[in-house]
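Subject: Structure for your review

Dear colleague,

Please find below the structure that I am handing over to you. My notes on it follow directly after.

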Amino acid sequence: MTPVKDRLVPRLLTRLLALAVVAAPLLVAAPVQAESYVPTSGAGSTWSANAIDQWRRNVNQYGLKVNYASTGSSDGRNQFKNGTVDFGVSEIAYGIKDGDTVDEPPTRAFAYMPIVAGGTAFMYNLKIGGKRVTDLRLSGSSIAGIFTGTITQWNDPKIKADNPGLVLPARRIVPVVRSDGSGTTAQLTSWMADRHQQTWDAWCGLVGRPVPCGTTSNYPVKDGRGFVALAGSLNVSGYVAQDQSEGAITYVEYSYALNLRFPSAKVLNDGGYYVEPTASNVAVALLKAKVDENPSSKTYLTPDLRGVYRNTDPRSYQLSSYSYMIVPTALSDSFNNEKGKSLGAFAYYFLCQGQQEAEDLGYSPLPINLVEAGLKQVRRIPGVAAQDTDIKKCNNPTFSATGENTLAKNAPQPQACDKQGASQCVGTRAAGGTTTTGTTGGAAAQGTTGGSAAGTTGGTTTSGTTGSGVAGAPVLPGAVSGVAGPGTVTVDPDTGAVITDGAVDANGQQIAAIPVSIGAGGVGSGTALVLLAIAVLLAVTILPPLLDGRLKRDLT
């Protein structure tokens with residue numbers, strides 16, 4: 001008889017070989033040595049903070065830690081200038097003259113790099129007969145009047161002219177502005193200075209600022225005018241969303257209104273239509289942006305938006321713009337090659353893969369010319385592990401492999417009832433993804449919650465069907481990578497609280513992440529550990545019973 005050990009060893013080797021075959025595909029993806037990164041930190045824009053926060057959460061799984069403080073664009077520029085952060089984020093460039101003060105550029109070498117596009121929205125809290133208004137329309141002159149104190153009631157004749165389908169309440173308007181230095185404020189005031197200069201200058205003169213007023217990142221307010229001033233996009237949008245803030249309106253990046261499921265006004269464009277700051281409408285508007293394409297210029301890659309403000313395409317959203325990362329292009333006492341490697345890897349991520357999430361987050365992805373220019377700027381960061389990115393494989397949803405701006409090309413035309421005139425789309429925004437229209441032509445009804453649109457206009461009650469859920473609550477599309485969307489949205493009729501059943505976190509944010517490869521190291525250390533753990537689990541669960549049973553049979 002063959003000795004036990006002579007029979008057992010070959011059989012065990014056979015079993016181990018079989019296990020190795022099973023585990024091999026799991027382990028082959030892990031690199032010999034995963035990339036390692038030191039933390040990098042930045043500060044600045046709250047306008048783009050929702051996008052940055054999502055991107056940095058996504059790259060955490062690869063061992064890349066990016067710290068970001070959304071303290072406002074002005075603070076971000078100052079912190080970068082002082083060397084207390086590795087990068088800043090702002091919607092405006094250095095050198096802007098704000099009143100009598102000039103924001104001087106830093107002495108450290110730097111470059112501007114576009115990160116995302118978006119629209120500055122006008123989020124509001126208004127009800128008619130206890131029903132939330134979801135289809136408010138505002139012309140440029142109405143917006144300028146609201147934020148300069150010349151329009152103080154919601155039933156003002158100018159706002160009534162914008163909204164022929166609504167019986168607006170005689171409620172005081174509460175303009176909510178930023179108290180901190182803000183790129184969002186700079187965007188609004190730049191537009192007002194260009195398109196509504198007389199109204200804007202009159203306000204500046206009233207509050208004691210030099211005239212002509214021009215662009216400012218610090219909104220001027222005057223006591224006794226009924227304005228509320230708060231720091232940060234989260235605070236101004238959170239204030240408007242409170243039940244006790246009925247009548248309030250603020251300017252904020254569209255992402256914040258989406259996250260809070262609050263409506264933002266449709267703004268009249270030069271094509272004669274009232275439109276929202278959707279990703280496609282922003283993309284259309286920014287086709288008219290003139291970007292500084294001179295690499296030797298101090299404002300290289302920053303835009304002139306005057307053409308955007310005057311875009312005559314009926315889909316165009318006037319207050320559209322870009323946000324920029326301010327990156328170092330030379331080493332300093334506070335910035336070394338290791339930080340440059342981390343910052344460069346993060347930039348490669350958000351310029352391509354990260355843009356896939358822009359629309360879901362309430363932004364608009366960058367067009368191909370700015371992505372290509374941004375990839376060149378990344379190479380200027382000291383210590384970066386430079387990559388030769390194939391722009392055709394960048395996975396940016398804005399452009400095709402041929403470079404065509406598909407997002408702008410395929411942008412839907414506005415509804416006929418959104419055209420300036422005697423008709424108005426009312427009760428058209430409903431949760432659940434459906435868009436239906438109530439009666440227009442001056443006798444339309446304000447949509448209600450829970451599935452029907454009804455209201456009284458001029459003594460006539462009209463109705464129309466809407467989708468289930470909260471009328472006017474913007475619907476976040478399904479998350480990427482197969483994660484489901486937010487599901488059913490309902491509202492508590494007593495408290496007005498929004499109840500969401502679906503794949504969102506406690507803050508109403510979508511839970512989503514896109515697997516990416518950062519740097520040349522392939523799969524990150526976190527992924528490698530997971531794969532190794534699977535292999536170990538297989539070995540622990542399969543081998544002991546296998547060995548125990550075999551030993552018992554062979555030894556008896």
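How many residues does H12 have, and how far does it reach from its first C-alpha to its last? In this predicted model, H12 has 15 residues and reaches 21 Å between those two atoms, close to the 21 Å expected at 1.5 Å a residue.

Helix H12

The helix covers residues 337–351. Eleven of its 15 residues are buried, so H12 is largely enclosed by the rest of the structure.

Cys-352 lies in the loop between H12 and helix H13 (368–378). A disulfide joins Cys-352 to Cys-394, with an S to S distance of 1.9 Å. This pair links distant parts of the chain, since Cys-394 sits in the loop between H13 and helix H14 (406–409), 42 residues apart from its partner. The torsion about the S-S bond is about -95 degrees, and the disulfide is therefore left-handed. Are the two cysteines buried or exposed? Cys-352 has a relative accessible area of 5%, which is under the 20% cut-off, so Cys-352 is buried. Cys-394, with a relative accessible area of 1%, is buried too.

The other disulfides

The structure holds three disulfides. One of them joins Cys-204 to Cys-213, with 1.8 Å from S to S. The link of Cys-204 and Cys-213 is left-handed, with -75 degrees about the S-S bond, and both cysteines are buried.

Another joins Cys-417 to Cys-425, where the S to S distance is 1.8 Å. Which hand does the link of Cys-417 and Cys-425 have? With 95 degrees about the S-S bond, the link is right-handed. Cys-417 and Cys-425 are both buried.

When the bonded cysteines of the protein are numbered in sequence order, the pairing reads 1-2, 3-4, 5-6.

With kind regards

Conventions. Residues are numbered from 1 along each chain as its sequence is written. This is a predicted model: local features need pLDDT of at least 70, side-chain atom pairs count only at pLDDT 80 or more; totals for chains, interfaces and linings use all residues. Side-chain values use heavy atoms; hydrogens and water are left out. A disulfide is a pair of cysteine sulfur atoms within 2.5 Å. Buried means under 20% relative accessible area, exposed over 50%, partly exposed in between (1.4 Å probe, protein chains only). Helices (H or I, at least four residues) and strands (E, at least two) are DSSP runs, numbered from the N terminus. The expected span of a helix is 1.5 Å times one less than its number of residues.
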